Amino acid sequence: MRHLMNPLDFTTQELEKLFDLASQIEANPQKFRHVCDGKKLATCFYEPSTRTRLSFESAMYNLGGNVLGFSDAASSSASKGESVSDTIRMISCYADICAIRHPKEGAPMVASSKAGIPVINAGDGGHQHPTQTLTDLLTIRSLKGRLQDFTIGLCGDLKFGRTVHSLINALIRYPNIHFIFISPEELKIPDYIREDVLDKNHIPYQEFIRLEDCMQDLDLLYMTRVQKERFFNEQEYIRLKDFYILDKEKMKLAKKDMLILHPLPRVNEISIEVDEDPRAVYFKQVQYGVYVRMALIMTLLELV
Ligand code: CP
């Protein structure tokens with residue numbers, strides 16, 4: 001039985017197979033509409049979500065399966081003090097596979113150690129968000145035709161943004177990736193990513209505070225919001241929340257074929273006027289998230 005806690009749980013060869021399957025699903029969704037007949041997905045979300053929970057649910061319905069779960073810890077027995085370990089033992093009796101989101105780093109890992117079914121980390125605190133990374137990689141592969149040889153700018157809250165941490169982890173395995181980190185001083189990438197992931201693997205990177213100073217070099221720009229829910233000090237959040245606003249003027253500095261990705265939700269960091277720019281692919285990214293989650297459910301349930 002396999003779980004997905006971290007993008008590195010799959011080798012790059014396994015990811016290629018997963019992405020090939022996702023592309024087959026995109027090309028012919030009808031072919032897959034009964035693959036999960038009789039199977040159930042539990043979505044256990046202890047933290048708010050729109051995309052991740054609903055795209056998992058959509059993915060399972062598209063495969064012919066059913067869905068149960070909760071979208072808020074307050075409506076589950078977690079509010080009475082039940083542990084994640086006990087909860088997953090129950091869920092293992094009710095469902096065939098589980099996607100779990102939790103504000104505490106490592107909670108999905110604890111769940112996987114007690115589970116009788118495959119567990120997927122749907123985001124744990126400021127740590128990892130592997131299925132967003134699968135979505136990001138499939139989007140890049142589908143729209144750029146490769147997962148190597150590019151300069152990617154990651155912009156915004158690089159300290160608390162778990163999608164950023166997962167994406168860096170995943171991309172270092174592909175050749176000739178150059179990272180440019182764009183953040184205010186207070187929201188730089190954490191030391192454990194800098195030391196244990198980048199330096200240890202001799203991965204080149206540059207850091208900038210102003211987007212305008214590096215925009216022209218980017219093949220991909222991964223924008224992120226400032227993660228309000230991870231701040232201890234509201235004044236600090238208010239001071240930093242609009243540090244970056246990508247608008248039409250800044251887009252004039254970008255390459256003609258640069259792609260803008262964003263895990264969403266967007267707050268103010270991308271002006272809505274940019275949505276019409278053909279380089280803005282963040283809403284296409286959402287659709288790739290459904291295809292890749294369909295492929296992931298099939299893979300973890302050993303239905304391929
Ligand atoms: N990208 C993402 O994780 O969005 P949600 O928080 O809405 O699931």
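The exercises below, each with a worked solution, concern the cavities, pockets and aromatic contacts of one predicted model.

Residues are numbered from 1 along each chain as its sequence is written. Because the model is predicted, local features need pLDDT of at least 70 and side-chain atom pairs count only at pLDDT 80 or more, while totals for chains, interfaces and linings use all residues, and side-chain values use heavy atoms, with hydrogens and water left out.

**Exercise 1. Locate the largest cavity and describe its lining.**

Step 1. The term comes first: on a 1 Å grid over the protein atoms alone, a cavity is a set of points where a 1.4 Å probe fits but cannot get out, and a pocket is an open set with protein on both sides within 12 Å along at least five of seven lines; lining residues have an atom within 4 Å of a point. Grid points are joined across faces, edges and corners, and a volume is the space filled by probe spheres set on the points.

Step 2. Searching the whole structure gives four cavities of 30 Å³ or more. The largest cavity holds about 80 Å³ of space.

Step 3. Among the residues that line the largest cavity are Arg-51, Gln-132, His-262, Tyr-282 and Arg-293. At least two lining residues come from each of α2 (51-62), α5 (130-144) and α10 (282-300), and α10 gives the most, with five residues. Helices (H or I, at least four residues) and strands (E, at least two) are DSSP runs, numbered from the N terminus.

Step 4. By class, the lining of the largest cavity has four nonpolar, six polar and two charged residues. Here Ala, Val, Leu, Ile, Met, Phe, Trp, Tyr, Cys and Pro count as nonpolar, Asp, Glu, Lys and Arg as charged, and the others, Gly among them, as polar.

Step 5. The largest cavity lies between domain 1 (7-128 + 289-300) and domain 2 (130-285), because both give residues to its lining. The domain bounds come from an automatic or database domain assignment.

**Exercise 2. Describe the largest pocket and the second largest pocket.**

Step 1. About 360 Å³ of space lies in the largest pocket. It is lined by 21 residues, of which Arg-101, Arg-162, Arg-225, Leu-264 and Pro-265 are the closest to its centre. Two or more lining residues come from each of α2 and α6 (162-171).

Step 2. The lining of the largest pocket divides into four nonpolar, 10 polar and seven charged residues. Domain 1 and domain 2 both contribute to this lining, so the largest pocket lies between them.

Step 3. The second largest pocket contains about 230 Å³ of space. Its lining includes Arg-2, Phe-10, Glu-14, Leu-300 and Val-304. Two or more residues come from each of α1 (12-27) and α10, with α1 giving the most, four residues.

Step 4. In the second largest pocket, five lining residues are nonpolar, one is polar and four are charged.

**Exercise 3. Classify the aromatic pairs Tyr-46 with Phe-70 and Phe-179 with Phe-181.**

Step 1. A pair of aromatic rings is described by the distance of the centres and the angle of the planes. Rings of Phe, Tyr and Trp (its six-membered ring) pair if their centres lie within 6.5 Å; planes under 30 degrees apart count as stacked, over 60 as edge-to-face and the rest as tilted. The count by this rule is six aromatic pairs.

Step 2. The ring centres of Tyr-46 and Phe-70 are 5.2 Å apart and the planes stand at 90°, so this pair is edge-to-face. Tyr-46 is in the loop between β1 (40-45) and α2, and Phe-70 is in strand β2 (residues 66-70), so the pair ties together parts 24 residues apart in sequence.

Step 3. Buried means under 20% relative accessible area, exposed over 50%, partly exposed in between (1.4 Å probe, protein chains only). Tyr-46, at 11% relative accessibility, is therefore buried, and Phe-70 is buried at 13%.

Step 4. For Phe-179 and Phe-181, the ring centres are 5.7 Å apart and the planes are at 15°, so the pair is stacked. Both Phe-179 and Phe-181 are buried. Together with Tyr-205, Phe-179 and Phe-181 form one aromatic cluster.
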